[in-house]
Amino acid sequence: MARCKRCGREIKWIDTPAGKHMPVDPDRKPYREGGGEVFITDRGEMMRGSTPFGPEPVDGYAYTPHWATCPYAEEFRR
Ligand SMILES: [Zn+2]
């Protein structure tokens, strides 16, 4: 498992359709469609959604980009 060079947390690299590698948090999380949060699908596609609260039905599971959770995100966002 790879680790973030900045915060040391485990990350996973996802290949995007554009041929790039996107660092994401290793665990997939439930999401609902619509919302202001960014999720990355298994295929590396970026989509918008929101985190469900409580027992709401979810629309699927997707990865969270690491820059959304990394405490040093401001430093490595280019
Ligand atoms: Zn990090």
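Me: How many bridges join S4 to S6?
Reply: Three bridges join them, and the two strands run antiparallel. Strands are DSSP runs of E with at least two residues; helices are runs of H or I with at least four, and both are numbered from the N terminus. Two strands count as paired if DSSP finds at least two bridges between them.

Me: What kind of model is this, and how are residues numbered?
Reply: The model is predicted: local features need pLDDT of at least 70, side-chain atom pairs count only at pLDDT 80 or more, and totals for chains, interfaces and linings use all residues. Residues are numbered from 1 along each chain as its sequence is written.

Me: Back to S6. Which residue there is the bridge partner of tyrosine 31?
Reply: Glycine 60.

Me: What order do the strands of that open sheet have?
Reply: The order is S5-S4-S6, with antiparallel pairing. S5 (46-50) and S6 (60-62) stand at the edges with a single partner strand each, so one side of each has no neighbour in the sheet. The twist averages 85° from one strand to the next. That angle is between N-to-C directions, on a scale from 0 to 180 degrees, using axes fitted to C-alpha atoms (for helices, over the stretch in contact).

Me: And what is the order in the sheet with S1?
Reply: S1-S2-S3, an open sheet with antiparallel pairing. The edge strands are S1 (2-3) and S3 (21-24), each pairing on one side only. Two bridges join S1 to S2 (residues 10-15).

Me: New topic. Which residues make up the largest nonpolar core?
Reply: Seven residues: Ile11, Val24, Tyr31, Phe39, Ile40, Ala62 and Tyr63. Strand S4 (residues 29-40) gives the most, with three residues. A nonpolar core is a set of buried Ala, Val, Leu, Ile, Met, Phe, Trp, Tyr and Cys residues joined through C-beta atoms within 7 Å.

Me: When is a residue buried or exposed?
Reply: Buried means 20 or more other C-beta atoms within 10 Å of its own; exposed means 12 or fewer; partly exposed is in between, with C-beta atoms placed from the backbone. Buried residues make up 12% of the 78 in the chain.

Me: What does isoleucine 40 touch?
Reply: Ile14, Met22, Val24, Met46, Ala62, Tyr63 and Pro65, leaving out residues up to four places away in sequence. Contact means C-beta atoms, placed from the backbone, within 7 Å.

Me: Last one: how do the elements run from the N terminus on?
Reply: β-β-β-β-β-β-α-α.

How values were computed:
Contact = placed C-beta atoms within 7 Å.
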